Amino acid sequence: MTIEIHDLSKQFGSFTALNDINLKVNPGELLALLGPSGSGKTTLLRVIAGLETADSGQVLFNQEDSTDKHIRDRHVGFVFQHYALFRNMTIFENVAFGLRVRPRKQRPSAREINRRVTELLQLVQLDWLADRYPHQLSGGQRQRIALARALAVEPSVLLLDEPFGALDAKVRKELRAWLRKLHDDMHITSVFVTHDQEETLEVADRIVVMNRGRIEQIGTPDEVYEKPANPFVYEFLGHVNLFHGRVHQGHAWIGDLEVDAPEYSEAEDLNAIAYVRPHDLEVDRTLNGEPALAAHIVHILAIGPVVRLELAGKDNQSANSIYAEISKERFRELQLARGDQVFIKPRKLDLFPNHTQNGSIH
Amino acid sequence: MTAIPLPQASPAPHKVVTQESPWARWILILLALSFLSLFLLLPLVAVFFEALRKGWEVYLAAITEPDALAAIRLTLIAAAIAVPLNLIFGIAAAWAIAKFEFRGKSILTSLIDLPFSVSPVVAGLIYVLIFGLQSWIGPWLREHDLSIIFAVPGIVLATIFVTVPFIARELIPLMQAQGSEEEEAAIILGANGWQTLWYITLPNIKWGLLYGTILCNARAMGEFGAVSVVSGHIRGLTNTLSLHVEILYNEYNFVAAFAVASLLALLALITLVLKTLVEARVAQQTSRGNHP
Amino acid sequence: MSIFKQYSVLPGFNLALGFTLLYLSLIVLIPLSAAFIHSAKLTWPEFWSTVTAPRVVASYRLTFGASFAAAVVNAFFGLLVAWVLVRYPFPGKRLVDALIDLPFALPTSVAGITLTAVYVGNGWLGQYLEPLGIKVAFTPVGVFVALTFIGLPFVVRTVQPVLEDIEKELEEAAAMLGATRWQTFRYVIFPAVLPALTTGFALAFARAIGEYGSVIFIAGNIPMVSEITPLLIITKLEQYDYAGATAIAVVMLVISFILLLIINLLQWWVRHRSIKA
């Protein structure tokens with residue numbers, strides 16, 4: 001099942017929830033809608049589901065215009081953030097519900113329903129809870145049942161609204177891996193909404209980064225993380241250090257550092273910001289003959305294979321703390337301690353014009 | 001440096017800072033209980049005492065006498081019609097108001113409260129104005145030998161009027177607190193409206209339904225003012241229990257009046273018991289709300 | 001573009017709303033409008049003279065006066081009862097709590113004859129009061145007593161939840177700052193329950209002015225002295241003075257609607273006070 005969104009827009013009163021959204025979901029993929037609250041990701045999901053209507057634009061299922069199709073005819077499965085399990089029914093009855101309410105002609109026999117429900121409960125490894133009620137289950141268990149219930153009616157698309165949002169960290173991690181595996185086994189086209197970038201990087205085939213009703217970037221986790229299209233995506237996915245600098249005719253200066261900036265060959269004395277990931281910062285005790293930025297160590301987090309250094313810059317290139325990530329071996333090699341003077345150099349950076357300083361309002 | 005000795009904490013009586021002194025407390029309790037005894041307990045005890053003043057035999061005779069039985073029958077009929085109708089109304093109104101957003105919603109909610117704020121006598125009067133002889137329907141009814149006022153239908157209508165809000169007022173906040181996610185989930189899974197209502201919504205509100213029905217029934221069986229106006233006071237025909245009480249009393253047949261009244265008082269007590277039992281359940285549901 | 005109703009996947013809106021409006025119109029709205037339509041048959045001077053006739057005005061005085069007094073008493077004692085129920089444990093508390101709703105559940109004619117039996121000259125209390133010169137039954141005082149009985153649950157039940165929700169920290173803070181219990185009550189607790197208390201008062205008042213059954217037995221019903229307005233309506237009806245009865249009913253309806261509006265506003269006030277806290 002492919003899903004296509006064309007020029008979709010929606011307003012709530014004076015608030016623009018979705019602004020000209022264009023998107024294609026490939027069959028069998030696990031697509032994430034990622035963004036901060038208010039970005040429109042949940043609205044987009046609900047429009048795809050049919051729980052909301054858009055003001056303009058189209059939603060196509062398998063190239064067929066389904067914009068006005070009733071929710072029942074869309075054959076979507078929906079998993080709510082707060083599960084929405086039927087509190088007055090047992091787990092078994094919850095999962096069986098979608099099959100039992102079918103019109104007589106399409107309804108499977110009681111035995112068949114029984115078989116399917118048991119199968120699904122075994123799939124989510126909760127068949128032993130079949131006779132319990134939702135309030136007797138933990139959050140993680142409830143979410144798995146909600147998923148089983150949605151799958152029972154064999155939907156063509158699975159939509160999940162912040163499925164792990166209401167769970168605590170450890171359970172969330174477990175369920176993430178579990179969802180990924182489930183998807184790999186079932187290959188059902190799935191779209192899920194989250195504000196947790198770590199989740200998307202771990203789970204999704206492709207990520208749609210959204211902000212204020214617009215799509216900022218679409219790509220694989222690798223693409224979106226390594227080649228962010230703009231500052232917003234940069235900052236939203238993973239940590240990033242910002243350094244102030246200037247760009248002039250194809251060259252950029254950050255403090256003493258000079259780098260080539262061929263994309264800015266036409267630029268005339270422009271204020272710019274360099275975006276550098278923590279793991280792209282080289283740390284050394286000496287200058288080694290090449291220009292670098294001076295800093296001293298404020299804090300060291302040395303737990304695990306990667307050591308995180310919090311640094312304070314000397315020349316005010318960076319208003320906030322600078323974070324560098326180096327390997328444990330490198331850390332031991334340098335024998336770093338709090339207060340030490342070091343020199344840092346970006347191995348890889350991205351430059352974006354500093355709109356606020358250049359007078360334009362972003 | 002020698003340690004500074006800390007003062008020993010003596011095991012003093014635990015003084016709660018946010019509590020009055022015990023004697024102040026007991027005075028307030030006694031004051032409150034005296035007020036309640038005077039205004040509540042005394043009348044309650046008096047009903048039964050007066051009813052049994054002349055002994056059990058007179059009591060039983062009074063409540064099994066044909067006019068009394070007819071009154072019981074009429075009371076039950078009125079309640080048996082008013083309560084189910086208002087139940088359906090309550091569910092429909094709560095469905096529209098709690099599950100949807102539309103303009104004029106708060107006006108509708110206030111309109112439902114109207115019968116509460118109207119004097120029972122006025123409630124009866126307006127039905128007399130519509131169906132009485134001097135109204136424009138009146139002559140037509142008379143021609144066809146139908147009577148609404150001063151007959152059973154009028155009593156039923158007046159009873160329905162005064163009990164309209166009871167169930168709706170219970171269900172609306174309850175359903176609002178529960179939200180619509182379960183219903184949305186049911187629709188996505190393919191259920192139609194009636195299946196959703198029957199399998200999902202109604203079971204979730206069952207305690208609220210019960211509570212509202214108990215209150216509605218108590219009022220329906222006990223209504224006096226409105227029914228008095230439309231009834232015509234025809235013994236054995238258009239008297240409910242509460243009207244029968246009045247008739248007996250006005251004839252100075254005090255013991256019989258209190259005997260019949262004691263039945264109604266018993267009904268009130270049963271209502272209170274059931275109400276208390278169900279109340280706890282409803283509060284539980286409303287507070288758990290949308291996320292159990 | 002403003003829409004009437006927001007989109008929802010849930011079905012049945014038209015059916016539910018349609019039925020609700022139909023039912024409400026047939027049972028409540030159309031009958032109520034009959035009162036206004038009928039009174040329109042009177043010319044304005046006729047209407048005015050009917051509703052301001054001396055006997056009618058006397059009934060207003062009694063009805064509103066006794067209702068107000070009863071509501072005041074209920075406000076005071078209702079607050080006391082609610083306080084005791086919420087704050088102090090004592091044996092039989094649950095029983096007492098359940099009994100509060102008795103005036104609400106008891107049919108009004110039963111209340112009426114019972115109160116009369118209690119306060120009449122040779123009645124349970126009357127036998128002690130009358131020698132002292134306090135005549136309750138068949139006087140305006142009796143009306144006042146009956147209306148107090150009727151309004152009892154309203155104040156208690158509106159104030160109780162608010163008292164239960166008051167944060168303990170507020171009282172603790174006041175105590176730490178040196179306030180006595182009375183000062184804490186006066187400056188911290190009382191303002192917090194005032195909206196609910198006012199609402200309860202208004203509810204008790206509104207119920208009292210329309211009350212009929214509990215009052216007519218104990219009232220005496222002497223015109224110009226102990227006759228309440230609802231009774232006057234019935235008297236006119238029995239004399240086939242439909243216009244007169246309707247005119248007075250319209251006055252009562254208008255006052256009821258105004259009170260309903262005030263009560264809604266008060267309840268809005270209560271809700272918003274509790275959100276702020």
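Predicted model: local features only at pLDDT ≥ 70, side-chain atom pairs only at ≥ 80, totals over all residues.
Local features require pLDDT of at least 70 and side-chain atom pairs pLDDT 80 or more, while totals for chains, interfaces and linings use all residues. Residues are numbered from 1 along each chain as its sequence is written, chains are lettered from A in the order in which they are written, and side-chain values use heavy atoms, without hydrogens and water.

The search of the whole structure returned 40 aromatic pairs over all chains. Rings of Phe, Tyr and Trp (its six-membered ring) pair if their centres lie within 6.5 Å; planes under 30 degrees apart are stacked, over 60 edge-to-face, and the rest tilted. Y275(A) and F352(A) form an edge-to-face pair, because their planes stand at 85°, with the centres 5.2 Å apart. Y275(A) belongs to strand β14 (residues 270-276) and F352(A) to strand β20 (residues 350-353), so the pair ties together parts 77 residues apart in sequence. Strands are DSSP runs (E, at least two residues), and helices are runs of H or I (at least four), numbered from the N terminus. Y275(A) is buried at 4% relative accessible area; F352(A) is buried at 14%. Buried means under 20%, exposed over 50%, and partly exposed in between (1.4 Å probe, protein chains only).

A tilted pair is formed by F102(B) and F4(C), with centres 5.8 Å apart and planes at 45°. F102(B) lies in the loop between α3 (66-99) and α4 (105-112) of chain B, and F4(C) in the segment before α1 (13-39) of chain C, so this pair joins two chains. F102(B) is buried at 9% relative accessibility. F4(C) is partly exposed at 44%.

Ring pairs also link F224(B), Y249(B), Y252(B), F254(B), Y212(C) and F217(C) into a cluster.
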